[in-house]
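Hi,

Here's the structure I promised to pass on. Have a look, and then read on for what turned up in it.

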Amino acid sequence: MVATTKKPNRGTPKSAKVSMSTFRELLKERANPPKPTEKLLQLRRTAAALRKPA
Amino acid sequence: MPGGGALEIKIDPLDQIHDRAVFDCGHDPITNFCRHRAFEEHADYDVRVFVAVKPGDARVLGFYSLTIRHIKGGGRLANIPAIYLSMIGVCAGSQCKKIGTRLMDDAFERCVRVSEDVGAHYLWLTAINDRTRQYYQGLGFTPFRNNDMRMRINLQTLRASEPV
């Protein structure tokens, strides 16, 4: 038997492979990011309020 | 004491003192990761794990893990550097106490902070079912393509969402 230090497959993808069209969309979005949704803003506000000491 | 049924918690990097043995979020892959692999992968820097605990109590109530995973377009296109939220879960007995909200917010804040030092454009994740997919969509995550469980959000969008 050969000893190995190789780690077992841990189930995390090595990368996200996407189509060319999606990739181009992502490149465009980098320069023009979407505005935060109301739900995201609400989450951030709620968390900020919870962090504050009473 | 936080209002609205919220528990007073703190979020710390995973440590040996944290008790993960009783963690159960009701989803086996996430539960098993937390109980059996989280510390090893955290210690090896394969992922970094952050846990929610009550002050003075080592039991893990929730956790999330982050790692670097690029987005690849194939061919000669360069990769887009990105951060992967590989796991997030809240103990079944502690749900509806805003722990998930705190963990998501902490992950967002951390990703934005990291991207000031290490280039990254997106945070992405894989939704575990349609319900979580819809939840993430509400937060502004977009599937890579129709019906894809893999979803991303622009770190500039997260940066813009920080409360002033």
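E29(A) and R152(B) join their side chains in a salt bridge, with 2.8 Å from N to O; the term stands for a side-chain nitrogen of Lys or Arg within 4 Å of a carboxyl oxygen of Asp or Glu. Across the interface of chain B and chain A, the rule finds 5 salt bridges.

Before going on: this is a predicted model, where local features need pLDDT of at least 70 and side-chain atom pairs count only at pLDDT 80 or more, while totals for chains, interfaces and linings use all residues. Residues are numbered from 1 along each chain as written, chains are lettered from A and ligands numbered from 1 in the order written, and side-chain values use heavy atoms, without hydrogens and water.

As for the interface as a whole, 34 residues of chain A are in contact with 48 residues of chain B (contact means heavy atoms within 4.5 Å). About 3,800 Å² is buried between the two chains, 60% of it from carbon and sulfur atoms; that's accessible area (1.4 Å probe) lost on putting the two parts together, summed over both.

Then there's a helix pair: α2 of chain A (residues 38–51) packs against α2 of chain B (residues 99–117) at about 100°, with axes 9 Å apart. Angles of 65 to 115 degrees count as roughly perpendicular, so α2(A) and α2(B) are roughly perpendicular to each other. Among the residues that meet there are L40(A), L43(A) and R44(A) from α2(A), and M104(B), D105(B) and F108(B) from α2(B).

Cheers

Methods: Axes fitted to C-alpha atoms, helices over the stretch in contact; angles between N-to-C directions. Helix = DSSP H or I, 4+ residues; strand = E, 2+ residues; numbered from the N terminus. Parallel < 35°, antiparallel > 145°, perpendicular 65-115°, else oblique.
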